[in-house]
Structures are given as C-alpha cells and as structure tokens.
Amino acid sequence: MNIKKILLYIFIGLTSILTLVPFIWMLSASFMADGKASVFPPIFFPDEFVFSQYETLFVRLSMARTFLNSLLLSFSVTVISLFFNSMAGFAFAKYRFIGKKKLFNLLLSSMIIPSQVTMLPLFLMLKSIGLINTYMAIIIPGLANIFGIFLIRQYILAIPDSLIEAAKIDGATDFQIYRKIILPLAIPILVTLAIFTFLGTWNDFLWPLIALTDDSMYTLPVALANLMGEHTKDPELMMAGSVLTIIPVIIVFLVLQKYYIKGIMMGSVKE
Amino acid sequence: MVNWKRKMIKSAKNKFSTYSSSAAYIFLAPALSAIFVFFFIPVIAAFIISFTDFDIYALGDFSTVRWVGFSNYFKLFDDPLFWQALQNTFYFVIVTGPVSIAVSLTAALLLNSKLVKFKAIFRASYFMPVVTTLVAVAIVWRFIYHPKFGIMNYLLSLISISPIDWLGDPLWAMPAIMLMSVWKNFGYNMIIFIAGLQNIPEDLYEAADIEGASAWNQFRFITLPMLAPTTVFVSIITMIGYFQLFAEPYIMTQGGPLNKTLSIVQYMYQEGFRWWNMGYSAAIAFVLFFIIFVGTLIQFKLQKSDNT
C-alpha cells in the first residue's frame, strides 16, 4: 500500500466517523440517567445503561400514540399517493391525448413553487370543512405529487409498447394493462418512490405543525419540537425522543438504500 | 441508442394510443384533481389573499375581508423585521449553498476514487444525515452546541480554543446553523455528483494521462467542465431548498438571538399562524416564491452563457 492510499483511507475513515458522531452521542445519551449528559468533558458511553428516559416517553408522555400517528400517516400517504401517481405517470408515458405536452410542462414548471405558498389557503380550506386536526389534514395534501408522477413516467417510458399491444390484442382492458403489466414492471421505481414518500411524510414538520393542533394528533417531529420547549435542560430525555424518531428512518434507509440512491440519481437526470 | 429506442416507442405509440385517450383521462383524474384542488387553487388563493387584509377577524367572518391592493407588499418594504429575515436567509443561502456543494463534490470525488474500497460503508455514513428527521437532528445539534457541556466546545478545547456560545451569540448563531445544515445535506448532492462522475467517459482521463496532465489539471479541464450540467442542477435544487430554511432556527434558536437567525419562512409562519395576519403572511410567501423563481432563472442563464 502506498502512502497516498493510506492517507486517503485515514481521511475518509475519520470524516465518516465524524459524520456519525452526532448519532453516536444521541444514542448513548438516551441511555443515561438524568443529568449524566450534562457534564464536562462529555462522556460518549454511559457508565450504566438506564431505560428511564424511554419509560418517561412512553408512560408519562404517551409517545406510543405519537409514534403510531406518524406510522399510520406515513403509511397511508405512501399507499394512496403511489396509486394516484402511478396511474398518472402511466397516462403521461403511454397515452396520447389533447394537451398532454402542455399539461406535463405546466406540472413540471410548477415544481418550483415552494409549498409554503399553499399553506395558508390550504389551512383555511381544511378548516372550513372541519378537517384541521384530523388525519385527513395530513393525507389530503399528500394525495398526489408532481415529482412522483414525473419519476414514474420516466420509468414507464422505457417499458416496450409491444407488451401493451399484445395485451390489447388479447382483449385486456386499460385498467388490466395498468394492473397486470405496468405495475409489476414498475416495482423498482414504486419502491423508490415509496421510500421517498414514507420518509418525506415521516420527517415533515411545517405542515403538521400548522395542521395538527392537539397533542394526541401530533406526529413525532411536532411532538418532539413541543417537548423541546419544556425540556431544554433534559438532554437525556430529548435524545431518547430523537432516537425514537430517527431509528425507524435509519432502518428503512439501510434496508432499502439501493432503491433510495437510485431514485436520487434518476430524479437528477433531465430528459 | 436512446434515439433508436425513442423512435421505436414513437412508432408503436401511434398504434396503441389511437384507441384509448378516454382511458388516459380516467388515469389522470385522481392525481390531477388532487393537485388542482389542493395545490393550484391554494396558490391562486394565496395570491389573492396577499392583496387583502385577511386577519383573525376574517377567520370568524369572511365578510370582514377587504381588498387592500399592494399595501401588504408596501408594508413589507418598510418592515425592518422582514428585511432582517431576508438578510438572514440570503446570508444562509449564499454561504451554505456553495459550501455544501463543495463538500458534496469533494466527498463524491473521494468515493469515486479507484483507490478506495468498502465504498458502500463510507457512502452510507456520509449519507445517513440526509434521511434522518430534521427536527430530531436539530435537537441533537442544539445540545452539541451547548456552551458548557456540548461536544463542539469540547472538541475545540482539545485544540485549545475557548468555548463559544454557539447559539446564544448573535455572531455565531447563523454559522452554527450553517455548519449543521452542511452536515445534514451534503450527502444528497454527493450522490448526484457520483452519478455525474460515472458518466464521464474514462478515455478522456486516459488520453490526459498519456499527455502527462497533472491530477489537478485533469480535474480542472475534464472533471469540472463535464460536470457542469450536474452542478447547475445541484445548485438549483440546493438553493430552492435552502431558501425554505425553517426547522433549524425554529428548533435551535427560535429565530434569535436578536433575530439574527429569523428566516423568511419562519417569519411567514409567525405572521400567518401565530398572529393570523394571513394577508401579510401570504405576501411574504409570494416574495419567497419570487426570489426562488428569479434565482432559478439566473442560474439557468449563467449556465447558458457558460456554454457558448
């Protein structure tokens, strides 16, 4: 091994560890007793492991409900939007209809509009039909999404039309073609988009902060932000809350990272 | 190859698509109506609201809303807090944007090097912050920046730098948020850069090697120009994302100290959803949109002039 190579490894190794330090500290502080994380110099491994912070979260602060809210909402938004987006992506990829190009360009160019612009009227709309502080308040804005339609369309474009034609000749309806041919072939991109949507909904903060007003409806980020206000001096408890929020996301990522990373690469390819 | 594929798709499409455009509308209907009702209508409504005095009274009774023309926008122009938010956000975008991109590119070059093995592990650890929940990591960093017990000051004390009150000092609060944002986001662009690097034909480097070009010159005259389209894409999405800065200051500083970290979106949120000045808040949202729009145009223009 030459020197250059060794230096390169040392640099990459050190920076990788440095990147992970916040997570390592978070995890270890979450197992410390009250006050143990507020010492100088900071300790990176608890002298004794305690679960009292997690106990507080679940027993006193009923975080189980919050966790389930996050899980349920992320799951529902993912399933519904996958269904809506894949149908629209199929239509844009394989059908010809009046105004297709214009419509598609309009959608693409409106991706530049920051979502914050829509939040005030959306809040008023949902409030007037009594949906603020319900699960629907989170699900409705997530029903469909332009980036998702775009990603699926790109993928379906590459599916040969001969498959669709053959099915047509055999008498398949359009919906059967979508269901039996397109969806199975598009599974890789559907998995990718599912991860994006799930993580996006799980991590989302501003809209749930606006749309959910009651403790029992909060998602994890909103509950955590709220908790931070009362527990600025309890790093151990806050770290346990952060672990609870982050661990599911890290698991999803580690298991499915191949799809996630491919999705980012695909999204960056202009036609 | 792509052209050939496209041609094939086109010729096949003609046959297939002639029968079935009504099915297309049925497939489009759910997604497009959701986007129309819950995205496009709100955008238009927000634009209209920004010309009214929609406030807390209007929430109870819509009939109290009055048309006020451009006065919300004029008011913004005279609002020192808005200018502060604007200045903070630009400061954040202008510093954090280029720094993140530089860090992303460096990481991508490292991981793309043929000398390195175990790439997947390093890539995963660089990438980890990207997937994690912003609110949770902002909380973690708030404790990392703790003036007395935080890891940051501990690490600095090892190289004998005296403790800094990161989030409490008006001078340091924004740089602290910037550092955390670079850490949180560089992995995303790194992936895009890796994809871009892998698209550069190997023989360009081989030819340069034969000519005896140095590593730096190869980077300067092959890698950078070949990556230009990727860099433009990355700059645009990074800029759009950074202009929407919100959760970091909301969690770490609440916009303080002395409003030195108050961001545009945070100000919009406060005006709209804390004080219910919705007309005013909508005007702020549109200024944000306008800034992002102009920023994107400028970057496209810059790229065009680079190419010619």
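Reply: In this predicted model, 46% of the 271 residues of chain A count as buried. Chain A is built from 13 helices and has zero strands, and its C-alpha trace spans about 70 × 65 × 35 Å along its principal axes. The radius of gyration of chain A is 23 Å, whereas a compact globule of 271 residues would have one near 18 Å.

From chain A the view passes to its partner, for 72 residues of chain A are in contact with 77 residues of chain B. On the side of chain B that touches chain A, helix α2 (residues 21–49) of chain B gives the most, with 18 residues, and the residues of that side divide into 63 nonpolar, 11 polar and three charged.

The largest nonpolar core holds 166 residues, of which A:A88, B:A31, B:V135 and B:I284 touch the most other members; helix α9 (residues 173–198) of chain B supplies the largest share of this core, 14 residues. If neighbours within four places in sequence are left aside, B:I284 is in contact with B:L76, B:I264, B:Y267, B:M268 and B:E271.

A contrasting case is B:R220, which lies in helix α11 (residues 215–243) of chain B. B:R220 counts as exposed because 12 other C-beta atoms lie within 10 Å, and a residue is exposed if that number is 12 or fewer. The C-alpha atoms of B:R220 and B:Q198 are separated by 17 Å, with the two residues 22 apart along the chain.

Note on methods: Residues are numbered from 1 along each chain as its sequence is written. Chains are lettered from A and ligands numbered from 1 in the order in which they are written. This is a predicted model: local features need pLDDT of at least 70, side-chain atom pairs count only at pLDDT 80 or more; totals for chains, interfaces and linings use all residues. Two residues are in contact if their C-beta atoms, placed from the backbone, lie within 7 Å. Helices (H or I, at least four residues) and strands (E, at least two) are DSSP runs, numbered from the N terminus. Ala, Val, Leu, Ile, Met, Phe, Trp, Tyr, Cys and Pro count as nonpolar, Asp, Glu, Lys and Arg as charged, and the others, Gly among them, as polar. A nonpolar core is a set of buried Ala, Val, Leu, Ile, Met, Phe, Trp, Tyr and Cys residues joined through C-beta atoms within 7 Å. A residue is buried if 20 or more other C-beta atoms lie within 10 Å of its own, exposed if 12 or fewer, and partly exposed in between; C-beta atoms are placed from the backbone. The radius of gyration is taken over C-alpha atoms; the globule rule is 2.2 Å times the number of residues to the power 0.38.
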